[in-house]
Amino acid sequence: MTVSFLILAILTLAGGIAAMTLRRLVHCALALAVSFAGLAALYLNLGADFAGLAQLLVYVGAIAILIVFAILLTRSGETELDKVFSPKGFIGALLALAVFAVLAWAVASSSATRLTAAGSGPAPSSPIRDIGFSLMQRYVLPLEVIALMLTAAMIGAVILAVRPTRAGDQPETPRNPELQP
Amino acid sequence: MMPSVSPVWIVQNLWLIPALPMVAAGLCALLKRKERGLSAGLAIGSMAISLLLSLKAFAEALAHPAIQVKIVDWMQFGDQWIQLGWLLDPLAAVMLVMVTFVGLLIFIYSLGYMAHDDNFGRFFCFLSLFAGAMLGVVIANSLLLLFMCWEVVGLTSYLLIGFWFQRPAAAAAAKKAFITTRIGDLGLLIGMLWLYSQSGTLVFYNKGFGCLEQGALTAMATHATVAGMAVSTAIGLLIFCGAVGKSGQVPLHVWLPDAMEGPTPVSALIHAATMVAAGVYLIARVYPLMSGAALEVVAWVGAITALFAACIAVAQNDIKRILAYSTVSQLGYMMLGLGVGGVAVGMFHLITHAFFKALLFLGAGSVIHGCTEEQDIRNMGGLRKFLPVTFATYSAGMLALCGFPLFAGFWSKDAILHSARDWDLSRGPFYLGAIGALLTAFYMTRQMYYVFFGPQRLTEATITPRAVAKHVPHGNAVEPVVSPRPGEVCAIEDPHESPAVMTAPLAILAFFAIFLGFVGTPAWPWFQNFINGIGVAFAWSGFSEPGLLSTMLISTLIVFAGLLLGWWFYGRKPIVRVTDPDALETLAPPLFRALGNRLYVDEIYSVTVIALSRFLAVFASWLDRFVFGGLVRLVSWTVTGVSWLDAGVDRFVVNGGFDEGCREVSRGGRLLSRLQNGRVQTYLSVIAAALVVLALWLLWGHRG
Amino acid sequence: MTPLAGCLLVSSLLFAIGLAGALTRRNAILVLAGIELMLNAANLNFIAFWRFGPHPEFLTGLMFVIFSIAVAAAEAAVGLALILAIYRHARTSDVSEITEMKG
């Protein structure tokens, strides 16, 4: 348990807590990005270079931005205080706590995590070349399926998000009159 | 002679003789009421053809006197066949010729008699049906076929007696005839069944297996039954019961006089010549079955009937009633002849009686027609002048009936009396028959004097209500045009002779009434021997049979005595007024009144048999209404109660329970649906909770 | 406390935080964000086991994470498109107000 690991962990967790509790959505989105970045750093710390950088690229660079766009498009910028948490939300919080308790207990009571072999040893090398070989040999099918899935997701997202242009539909009434085209 | 199955054409097709009139009857039934000529033509035509065929059959029987049969398989059950068939022997042949000939003459007579009746077609239909059935009885080789045709004969008798069914008296008479003969037929049926069970067949002659052939007869004669009688005797007596009903012998004679309600041709054909003779024919047919004991009963019943009916006839005032009782009496003679003398003796009298009795009835019909439907002899008189042909022929018939020497009746009645006198069991029947012959001459003379001699008493004032009610005016009105009260003026004509279509048959029958007897004289007993199947030559020596000449003398004396008595009482002083008392009445009023009331036989029956049957009917009705009806009502009440209960259960328990169940399910569903609040986070919470539980469970399991 | 256990604890905590957010927040986008956090926690788990588990040379954990990231990206895209569509239909992105599937 090195110090760097600890700091990065704390950063990630703080970002996560912030993302889930802040009132204003944009703040949440930014905290979320911080959390993602922290995770990327953690991956790098643990020696998963490619995964860390992919995390940065995809999560921070795409998903976080996507969330910001969504916040923009759904006019969720301002929210009143009493409308932050859903009714009876504390049940959810309690449940999350219960889940953490169970998982922590599993971790604590597991023998696998106590092995001294775990933790010793140098960080494994993961050259890109090996990753490339793996993708093209062992994991070629998942690769192709992922490609297909990404295509389908893209098409699906476009279809879902396209504004209907049929004559009978009423145009969307904008909440914010300043944003009228 | 062994009865043989014959391939001769007429024997093979003997069935045509009854079938043709039946087919004519069927066709007549389909014709419309106004097609009178066609229906009469069909009936008379079919009867004429049957006559020709009967003559051919007669010629065949003359050539080959042995019995010839033809058997036809009818129904099968199991491996047994019910067989019918017909036979031709001299007995059947003479009956065929007689029935068709007399029937044809009466059909022709009816053309004139029923000319004014609306139901002309129906009349000929029934007459044809009767003729067909009667001929069927004659040729039947099976007791079953005979019985079937016997029943049809009874049916047509009912239909014809009740021909004018709108008259209540006619309808009642028809019912009485049918029911009374039915009582006799019950005996016949039981006898028939017993015969079948004893001999296994009802066919008379069937190549040795028939029930009248030697094998069956000896078996039945030796087998003894109740009261020590042989089975054949018992069966013979039971069959005789049928003959008693149909031929009007004493206990069951009550229907015959009432049957005079029918039209006169009907009375002539059915109740004089043919149907009533069917009983005599039946006994003649099953003669091999009748043992001495049975024949003794037959003879006594016949003799008693002969005397009984003759007594009653003396005091009757309706012209047809006198002839009806005379018929009953003569049928008694026929039975007596069968019993004491054998088939030939009885049948000879049957044949001659058919002719002269039909003649008498037709003559009476002519008289009635001429007197505007008047039937009471007290209201007639002096008709000799107005109806000469009728008078001549009627006289011939009357003399034949009385047994006047050399007329037909003389020879036949004499044969009976001769056989009765020589009967070794008793002389009783002879004496009864002799007294009956005396009375016969007496009442016939009385009738002649009342109707044909003396002054004419038929005037407007004397017409009876019954005559007026029955009179069909020349036209098409059904109701009489005058009031039925006596003494009222009505439109009657003077007594007039009947048209030629009615008098021609009278003349023909008169010829036979006079000359037919000559085929059976003792000098040339052709008839008797023909019946018995042997040829014979003319020989005066026949007269020298012991006792014969004395019997002939006695019967001649009896006839003359009767005629003399009749003249004494009724001929010396003319009967001037309608209301003059009868000569006998002044002599012995209570006796005359009793005889006039038919010796109260009907009244006795009414009090005993009919009262009993009425009581049984009432009892049965009570039984049906209260006991069986009560049971039925109980059952239906139970079923109704059960179904009411069931409905209740269904409505409250099943439906209610079911409905409640459904409602509870609905409520449960509604309750459960509240879990689905549509919020995603709720669902996710539930999943998380499930995850926690599952993880705990797994970990707990692994920990241990 | 081995490094593996530490990593696992961190990932469990992150998971719980993500779950709490997904169950608690009203806005649909934040629910999705919570789900993304949960996915990331799982990714961390995989990396940890790859690093500290047997046979790291097989790159199993790493490959899994790569694919997981790709899937998460796709899922985020579709999910946000869905949120947009719902927003257009229901005029709100408040999860607790969208109860059309109620009952």
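In this structure, 63 residues of chain C are in contact with 72 residues of chain A, where contact means that two C-beta atoms, placed from the backbone, lie within 7 Å. On the side of chain C that touches chain A, the helices α1 (3-24), α2 (28-52) and α3 (60-90) each supply at least two residues. Helix α3(C) gives the largest share, 20 residues. By class, that side of chain C has 46 nonpolar, eleven polar and six charged residues. Here Ala, Val, Leu, Ile, Met, Phe, Trp, Tyr, Cys and Pro count as nonpolar, Asp, Glu, Lys and Arg as charged, and the others, Gly among them, as polar.

Before I continue, please note that this is a predicted model, in which local features need pLDDT of at least 70, side-chain atom pairs count only at pLDDT 80 or more, and totals for chains, interfaces and linings use all residues. Residues are numbered from 1 along each chain as its sequence is written, while chains are lettered from A and ligands numbered from 1 in the order in which they are written.

Let us stay with chain C. Its secondary structure comes to three helices and zero strands, in the order α-α-α along the sequence. Helices (H or I, at least four residues) and strands (E, at least two) are DSSP runs, numbered from the N terminus. Of the 103 residues of chain C, 63% count as buried. A residue is buried if 20 or more other C-beta atoms lie within 10 Å of its own, exposed if 12 or fewer, and partly exposed in between, with C-beta atoms placed from the backbone.

Chain C also meets chain B: ten residues of chain C are in contact with ten residues of chain B. On the chain C side of that contact, five residues are nonpolar, three polar and two charged.

I turn now to chain B. There are 26 helices and three strands in chain B, and 50% of its 704 residues count as buried. Among its contacts between residues at least 6 apart in sequence, 77% join residues at least 24 apart.

How do two of its helices pack? The axes of α8 (residues 214-222) and α9 (residues 231-246) of chain B come within 5 Å and cross at roughly 100 degrees. Therefore α8(B) is roughly perpendicular to α9(B), a label for angles of 65 to 115 degrees, whereas under 35 is roughly parallel, over 145 roughly antiparallel and the rest oblique. In this pair, L217(B), M220(B) and A221(B) of α8(B) meet V231(B), S232(B) and I235(B) of α9(B).

Next, the interior. A nonpolar core is a set of buried Ala, Val, Leu, Ile, Met, Phe, Trp, Tyr and Cys residues joined through C-beta atoms within 7 Å. The largest has 218 residues, of which M134(B), V137(B), V280(B), F355(B), A358(B) and A513(B) touch the most other members. Helix α15 (residues 343-370) of chain B gives the most to this core, 18 residues. Apart from it lies another core, of 83 residues, including C28(A), Y59(A), L4(C) and L37(C).

Finally, one residue. M444(B) lies in helix α18 (residues 428-452) of chain B. Is M444(B) buried or exposed? M444(B) is buried, because 24 other C-beta atoms lie within 10 Å. Leaving aside neighbours within four places in sequence, M444(B) is in contact with M398(B), L401(B) and C402(B). The C-alpha atoms of M444(B) and A313(B) are separated by 9.0 Å, although these residues are 131 apart along the chain.

Terms used
Axes fitted to C-alpha atoms, helices over the stretch in contact; angles between N-to-C directions.
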